[in-house]
Amino acid sequence: MPRLSADARHRVAFVLNGRAVEGQAEPRMLLTDFLRHVLGMTGTHVGCEHGVCGACTVEIDGVPARACLMLAVQADGAILRTVEGLAPEPGRLSLLQQAFRRHHALQCGFCTPGILMSLDNYLRDNPDPREDDVRIFLTGHLCRCTGYVPIVAAALDAAARLREMKETQT
Amino acid sequence: MAAASGWLGRSIERVEDAALLTGRGRYIDDLGVLPGTLHAAILRSSHAHANIRAIETKAAAAAPGVAAVITGAEVSALSSPLVPVLRAPLEGWPIAVGRVRYVGEPIAVVVAADRYLAEDALDLIDVDYDPLPALVDPLAALEPGAPTLHDKLGSNVASDRSFRYGDPEAAFAAAPHRIAVDIRYPRNSCTPIETFGLVADYDAGEDAYDILANFMGPFSLHAVMARALKIPGNRLRLRTPPDAGGSFGVKQGLVPTMVLMAIAARVAGRPVKWIEDRLEHLVGSVSATNRVTRLAAAVDDDGRVRALDWDQVEDVGAHLRAPEPATLYRMHGNLTGAYDIRNVTVRNRVVLTNKTPSGLNRGFGGPQVYYALERLMQRIAGELRLDPLDVIRRNLIPADAFPYRTASGGLLDSGDYGRAIEKAIDEGGLAQLLAWRESARAEGRVCGVGLTAVVEPSVSNMGYIATVLTPEERRRAGPKNGAQATATIALDPGGAVTVHIASAPQGQGHRTVVAQIVADALGLTPADIRVIGELDTARDAWSIASGNYSSRFAPAVAGTVHLAALRLRARLAHSAAGKLNVPAEEIEFVGGKVRARGNPDNAMPFARLAASDHWSPGEASDGDHVLRETVFWTPPQLAAPNDADEINAQLCHAFIFDFCGVEIDRDTGAVRIDKYVTMHDCGRVLHPGMVAGQITGGLAHAIGAALYEEYAYAPDGAFLAGTFADYLLPTATEVPAPLILHTESPSPFTPLGAKGVGEGNCMSTPVCIANAVADALGAATLDLPLTPTKICTLISSREGAAP
Ligand code: FES
Ligand code: FES
């Protein structure tokens, strides 16, 4: 770890959704604030800033993490993915995003980016999860609108379609 | 009714979702601000009750990046207190002026170049407190000699009113049984995942404020804010962002902070942005009321209820903020629930304590009322050894009685409660659930079944809050009634259709349903219609009832959109008649075309007709330029309270019958919901997917209220639920998939026959779960939340007692 001085700004550079980005941050700046207000990537949301709600979840070096519990400078040199990186191209949605839309798995959409990031990662490692496993996995996220039922349905539906797609590809 | 093509009633994908799923939502904190915008942080009281001797702000004002520090002194110099609904000597400032009355009350605002610097400076402010005794228990606040929060009031009772309908004394005297319940309903809140946020600006040249906020209405509060800021309404421009991260009523509670930050912007001379953090939200934003209720019934041997006697003590916290005490009066016309009970007496007291001020919250008064009423119905069955279902059935309002006027003045629009219940029992499998309970009990497991029937009111009468005033006071204040809903449909020069609504959506999908309605009326597809959900009081049509509360979207707003679309269609048909040479009655709108009925070749594209009065107004028939249609609609059934204090507080009344089975872990005290069945009659269903979403989301809130959530206070007024690790929300493992059933009794009072559906389960589910737990434990008295500790105490006190 390089030594940082508390009252200076430091250059923070990482790969975000496949592109190199950089900006200036004081050591105390949260990664959420850096993503949202320095880089303008407002898709990552802030619901509690104390690590409980999961709205701020992003993927860091392949692992889901709470951006509100990290400093921007800690992400220097890492590979990040955020909700803005999930869709294959503008105007198209990923299978998981499509499943969310079909099942009405979002209402206000504020919790959604974090849940999508977690599930996107989870379904890669767990292509054929049981409903109970999905529920337990989702306990790391708070949603106040949906009652979770359609989120679970969307996750299972997306898993099935991802499997189908894999099968047709092989 | 909608055209036969029928977009409405289908669960189409929402127009909102593509943006929200890709991180392209536009919530308040995602919007750009003017260069030079400052950021605010609030210093909040650590004392529940104290006089403030002095506030030392010099060091903070000199701290790096700080532009201004604002305290009660500046605020009281530049504004007036927020006026309460009651004429009572209450000091309604948005910040402490000389005294703090709850933990979390704002004491000072720092505005600085960024939020980090503003929070740094908060640490440099010194407050010299002179602590006073704190009041947490609303009954203690009633005691003579109790410390008072607002000295000029002379006590802690802001209002004490008694009501009498029918002949309750005679009914109680004649009835063989008097059965009562005592309830302490806790404080909780629906805590949207997006917190409050705003950007305020002041133009000194025009003495005008501009506030962009994720406020959700009711916009009657615009008048309260303008008055506090000492300007006419046309100098207060309120705007809402395109997206908002949930509200459930809670974001009404932004009002005091909107006024506070408007003053901060004025003092700083620059725009001020404030995004509430979660800790602030929990400790200091707004809460549902807690309530102490004693409810007694005069009952016949067979369980028929002849009269009710309500005694409600409503705890609104430290300030009575408009529209409170609305939580207490929203249900005033519905105190008899789904039952035909003609004799009622009520005493309502509104009490101030050292807690966060209360405000709107999903269910709004319904949870408190139905918890008492439906616990009582179960107690009646228990005491008279009757089947709880029979007690419900025997008291129901009969199907041929609608529209039914309740004893206290509510007008129940439509329904067939008996049929809905029989259908639920049958399709939901109540018999199997009872059999499950018996066999589980035979194995020694602790299981119970709960039932509840409730009427879900929706679309608030703007006059109901006046029921808190005496008829004499109401006469002096002037009449208040109705509920203006509005919609505007505009045609652009390309013939495309844009709809503006004033319902301040918070994620429910209003824009999708509006597109469906207008597409049906004009023979277009929802994709052809653009719907604007954000509201700007300087530009859009709106009125005091505008906003997102009392489940008014489907019955009132969607209905008004429908009326506007029909009116626009009629005017377009008139215009097309001249162009196609057929009478207007022969014109139809189908598949993007306007054509002569029976002669589809005599047609023109819709867009061409819709654009024509932009390009060739000289050709307009009868000089009617068809460019835009704005409709205001208010239902005549929403009259002001009469001299007998009868009030129809809400326009629509949906019906819900729920039952559930729970199993309790004897060792841990955990409650597991094994099955939940919820039958709804919300009139016509406009979008089944969204209706299911409202029901399931409401159920989740209610499970939280029943089992986990409480805005708890220590005896000294310290707040005990300050993080999401202390205030526990249900997660995916705590919310079972409910079986949702429907019957449809369209409302005769709304344009589309729809009724509200957003709040019902917050009313029915807490008590349904409590009834199941009471059944499992043989408990008579039970207060929420039913935490493991509470359950374990009940289990140990029951050991040895007869079930
Ligand atoms: S904002 Fe990071 S967990 Fe809630
Ligand atoms: S969709 Fe609103 S919080 Fe989850």
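View 1. Neighbours within four places in sequence aside, B:Glu709 is in contact (heavy atoms within 4.5 Å) with A:Arg144, B:Arg187, B:Asn188, B:Ser189, B:His701, B:Gly704, B:Tyr727, B:Leu728, B:Leu729, B:Pro730 and B:Pro785. B:Glu709 sits in the loop between α19 (688–707) and β28 (739–742) of chain B. Helices (H or I, at least four residues) and strands (E, at least two) are DSSP runs, numbered from the N terminus. B:Glu709 has 2% relative accessibility and counts as buried. Buried means under 20% relative accessible area, exposed over 50%, partly exposed in between (1.4 Å probe, protein chains only).

**View 2. Polar contacts of the B:Glu709 side chain.** The side chain of B:Glu709 meets that of A:Arg144 in a polar contact of 2.8 Å. Another polar contact, of 2.7 Å, links the side chains of B:Glu709 and B:Tyr727. A polar contact is a pair of N or O atoms within 3.5 Å; within protein, one must be able to donate a hydrogen and the other to accept it, and residues adjacent in sequence count only if both atoms are side-chain atoms.

**View 3. The interface of chain A and chain B.** Here 44 residues of chain A are in contact with 56 residues of chain B. The buried area is about 3,900 Å², with 59% from carbon and sulfur atoms. This is the accessible area (1.4 Å probe) that two parts lose on being put together, summed over both.

**View 4. Polar pairs and salt bridges between chain A and chain B.** There are 22 residue pairs in polar contact between the chains (both at pLDDT 80 or more). The rule finds 5 salt bridges across the interface, each a side-chain nitrogen of Lys or Arg within 4 Å of a carboxyl oxygen of Asp or Glu. B:Asp30 forms a salt bridge with A:Arg36; their closest N and O atoms are 2.8 Å apart. On the side of chain A that touches chain B, α1 (31–38), α2 (95–102), α3 (112–125) and α4 (131–138) each supply at least two residues. α2(A) gives the most, with 4 residues.

View 5. B:Cys447 is buried, at 1% relative accessible area. A:Cys111 is also buried, at 5%.

**Notes.** Residues are numbered from 1 along each chain as its sequence is written, and chains are lettered from A and ligands numbered from 1 in the order in which they are written. In this predicted model local features need pLDDT of at least 70, side-chain atom pairs count only at pLDDT 80 or more, and totals for chains, interfaces and linings use all residues; side-chain values use heavy atoms, with hydrogens and water left out.
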